[in-house]
Amino acid sequence: MKLTLKANSKINLLLDITGIKKNGYHKLFTIMQSISLGDIITVEKIDGEEITISCDTEGVPTDKRNIVYKCAEKFFEYADIKENNGIHIHIEKHTPFCAGMGGGSADGAAVLCALNKLCESNLSCEELCDIGFKIGADIPFCIKGGTQRVQGAGEIMNPVPKLNDNLFVLIAKPHFSVSTKLAFQGFDEQIQPQRADVAGMIAALEAGNLDEITAKLGNVFEPFCSLEKISAIKEIMLEQGAKGALMSGSGSAVFALFEEKEKAEACAETLRPQMEQVDVVQPLSKGIYELCE
């Protein structure tokens, strides 16, 4: 028995930090959007009790360090499955690494969803989110997907009006990564921290006004994440017709919203020689899709 799922990644239309918890973790307020760029995850039941992993891309750990291993382990523990729990997970990578797009989290979310079906466990979406949150803060969103207002450390979610299905999202991942730790540190060291316009973005999404949505795009991490290089990518996107552009998460991927596919594709061609990876995708209303063999 096996199941193949598409593990869709995400972008952050807005990312703000609203405080720090007693345990030292930051309180986030972010609006995440699923997009049609994702890895293909195949989960197959095998004899025995071993969890094995393979991947088509070099550099991806295929042992206990991989988030999909941790998710499988936690799933079996939660569902109290102690026998005949051997599985093989194959990862076909499409989402870039260290991009602020939740690629690994989406892979873990897909494994949880696949195991719930393969093992006929009938766990609720909330239960799967609870399991995932113990492993990675973005996993609950990747399970639910769509357009969500995400708060706390990633465990509090509420749906908000989604982006227009006819929009095109250009993703550009440069040849460098960003340290999430240093991004948080840079934010913490500010005397007067930059803030994103949370209320304005929610109002813009509710109105469905793209000009207002793009005007409210905001990410408090941008000033601490190779700002000059990120700004240069955004400038090219805007010059070639993007309605708005922003770095996703803690970077280093930059996305732009286009109304016309032709302009998005033309901009992609301009950026491709300079980038590690460039894709033109669209917004989605789900995070995980089951694929037919």
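Visitor: Which strand is included in what covers the buried residues of helix H5?
Guide: This is a predicted model, in which local features need pLDDT of at least 70 and side-chain atom pairs count only at pLDDT 80 or more, while totals for chains, interfaces and linings use all residues. Residues are numbered from 1 along each chain as its sequence is written, and side-chain values use heavy atoms, with hydrogens and water left out. Helices (H or I, at least four residues) and strands (E, at least two) are DSSP runs numbered from the N terminus; among the elements covering the buried residues of H5 is strand S1 (2–20).

Visitor: What arc around the axis do the buried residues of H5 cover?
Guide: Helix H5 (residues 180–188) has as its buried residues Ala-183, Gly-186 and Phe-187, where buried means under 20% relative accessible area, exposed over 50% and partly exposed in between (1.4 Å probe, protein chains only). They lie on the same side of H5 because the arc that they cover is only 100°.

Visitor: Why does Asn-85 count as buried?
Guide: Asn-85 is found in the loop between H1 and S4 and, leaving aside its neighbours within four places in sequence, is in contact (heavy atoms within 4.5 Å) with Gly-48, Glu-49, Glu-50 and Phe-76. Asn-85 counts as buried because its relative accessibility is 10%.

Visitor: What is the relative accessibility of Asn-84?
Guide: Asn-84 is placed in the loop between H1 and S4, and has a positive phi of about 50° although it is not a glycine. Asn-84 counts as exposed, since its relative accessibility is 58%.

Visitor: How many charged residues are in the lining of the largest pocket?
Guide: On a 1 Å grid over the protein atoms alone, a pocket is an open set of points where a 1.4 Å probe fits, with protein on both sides within 12 Å along at least five of seven lines, and lining residues have an atom within 4 Å of a point. The largest pocket is lined by 49 residues, of which Ser-105, Ala-137, Asp-138, Thr-180 and Ser-250 lie nearest its centre. With Ala, Val, Leu, Ile, Met, Phe, Trp, Tyr, Cys and Pro counted as nonpolar, Asp, Glu, Lys and Arg as charged, and the others, Gly among them, as polar, the lining divides into 21 nonpolar, 20 polar and, as charged residues, 8.

Visitor: What omega does the cis peptide bond from Gly-251 to Ser-252 have?
Guide: Ser-252 lies in the loop between strand S9 (244–247) and strand S10 (254–258). The peptide bond that reaches Ser-252 from Gly-251 is cis, with omega near 15°.

Key: Arc of directions from axis to C-beta.
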